[in-house]
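Reader: I am new to this one, could you walk me through the structure?
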Amino acid sequence: MSDDNKHILMETGTFIHSAIQEDLKGRLNALHTRFPPEPGGFLHIGNAKAVYINFELAKIYGGTYNLRMDDTNPAIEKAEFVQAIQDDIRWLGYDLDGRLFFASNYFDKLYECAVTLIKKGLAFVCDLTAEEMRASFGGIDKAGTDSPYRNRSIEENLDLFTRMKNGEFPDGAKTLRAKLDMASPNMNMRDPVMYRITRQTHSNTGDKWCIYPMYDFAHPLQDAIEGITHSLCSIEFEEHRPIYEWYISHLDFPIKPRQIEFAKMSISNTIMGKRHIRALIAEGKYDGWDDPRLVTLSGMRRRGYLPASIREFLGNTGVSKALSRVDFGMLEYFVREHLAPVSKVVMAVLNPLKVIIENYPEGEVEMLTLPFHGDNEALGCREVPFSREIYIEREDFMETPGKKFFRLAPGKEVRLKGAYYVTCTGIVKDTAGNIVEVRCTYDPETKSGSGVELRKVKGTLHWVSAKHAVPIKAMLYDMAVLDAPDAPDGIIDNPDSLIVMPNALGEPCLADATMDDRFQFMRNGYFCLDNKHEGLVFNRTVSLKSSYKKS
RNA sequence: UGGGCUGUCGCCAAGCGGUAAGGCACAGGACUUUGACUCCUGCACUCGAAGGUUCAAAUCCUUCCAGCUCAGCCA
């Protein structure tokens, strides 16, 4: 992370900073944070924000951070996600050596804590069925009613809980509940379930357990066990803070973690809901969780985003408690900013239109040596062949142009990047009236780099030599969804979120592209090789900004 | 409608009683062998609303309005 970026995180989220600074002055001498994903899916940029806040804050205050797999529900969690989450976080730029933990490793301790609470008379075994319990919870504006099992003796609770653990009761037959207040206006405080019986094979503990702890009980204790000082989480857990503190306060831990909440971040024109994404993948609209239109970390990686861009974006969007929906354009700004200095600028024609340079000798080929980057000399140069037949971008030619069009048109002169000035002398159409070929003449005096500039031309076009060009396929991505005030969700899927250009042509050096290369296809945007396809399939990471207005 | 939280420019976001930072977007202009980059310039007499306290309020008080959120043996 750059110093600038660190500065920004220091300037925002002041409610967190002041809490940390206050604690560091008093009860604590080091900051310890954690990111606790449930390994039940892929991480997206919203999750990355939580990673960023927890990990960067630890770094800023010279503390440390943990990655903890919150695997307390074996019905959902899968080993493949455990790996994917680590891979994504490492790719984002965080060292995980010695920092990976599993909630399931604390199951014994958690069990002991539960026993302690029973012994203190603060927890009881409840025989209510799920339906009965739901009914007894009351409602949002109606108090709940006490469970008839609430006043069992400590001995009976101890015995029953032991037998729950030993598998003497069927799934769902009993629960262990905390004894709080069924009339609390905070629903989380209405005698919450601590343990449920569910026979599931756990990816870590196998069949050792048939009872599993609930989040509200497990989470504060996991934090306390790991010595977490500040448990930074998203705002929907704000109302869980009382229960978080309640469990901690009745157990004996050297460090009492403090939970602080911040607002979740979402981004415009994209989807982050797991069920929505899952449905679209099932429909075949998306190519999996790493579809480049998705803001999953794997999708953004595949699309070509650099991790530094994501980190800087995350830092610049700040930390607050107000719900935010950041403009997608802001993400793209940081993507471009990091790509610009490291990308090799090359020429590729996405939608080719043939141009014949009539006065250029047939069979002749000139090799032009062009730098890969205007400012970054470290990127070196490559050879670009120029010949009589070339291709230009179809939209760079217009038969009857408007006044502001300064590309190629009948009688107009433009510069071919790195080569010569050419003037359009005619066009060839097929029987349907489509332009299939443009005829030009070139001016040998105007060769690029010769130093002579006889006259100014406004347009500079990219091009490829017809005989030497390599066929490539270009995948053009755009916003996943569009705002649609009349639609049920206020959004509709963008029908043009992926446009495939199957007949694109690139200059010869593209044949040697590797996965590590970043390119700017001149005037077309930033591209990289797709990691899922063989051959020269390029993903457009992000377009170039443009002030060109048609018509 | 009970509880909790939030409301500062189109979008993020500083500000914490002394007279509205910054970034993105947008709009002009300069430069340009990418209509890119870069560089200038502009962009909230006003802080959800209304009252009040004060010499002074986005900041304090009161009321109101709007949005989000909570009734899994999910996390």
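Author: A term first: on a 1 Å grid over the protein atoms alone, a pocket is an open set of points where a 1.4 Å probe fits, with protein on both sides within 12 Å along at least five of seven lines, and lining residues have an atom within 4 Å of a point. This is a predicted model, in which local features need pLDDT of at least 70 and side-chain atom pairs count only at pLDDT 80 or more, while totals for linings use all residues. Residues are numbered from 1 along each chain as its sequence is written.

Reader: What volume does the second largest pocket have?
Author: The second largest pocket has about 640 Å³, a volume being the space filled by probe spheres set on the grid points, which are joined across faces, edges and corners.

Reader: And which residues lie nearest its centre?
Author: Glu395, Arg407, Arg523, Ser546 and Tyr548 do, out of the 27 residues that line the second largest pocket.

Reader: What about the largest pocket?
Author: The largest pocket holds about 1,000 Å³ of space, and of its 40 lining residues the closest to the centre are Pro36, Glu38, Asn47, Glu236 and Phe237.

Reader: Changing topic, in what order do the strands of the open sheet come?
Author: The order of the four strands is 4-5-6-7, with antiparallel pairing; strands are DSSP runs of E, at least two residues long, numbered from the N terminus, and two of them pair if DSSP finds at least two bridges between them.

Reader: Which strands stand at the edges?
Author: Strand 4 (123-126) and strand 7 (211-213) each have a single partner strand, so one side of each is left without a neighbour in the sheet.

Technical notes. Chains lettered and ligands numbered in written order. Heavy atoms only, no water.
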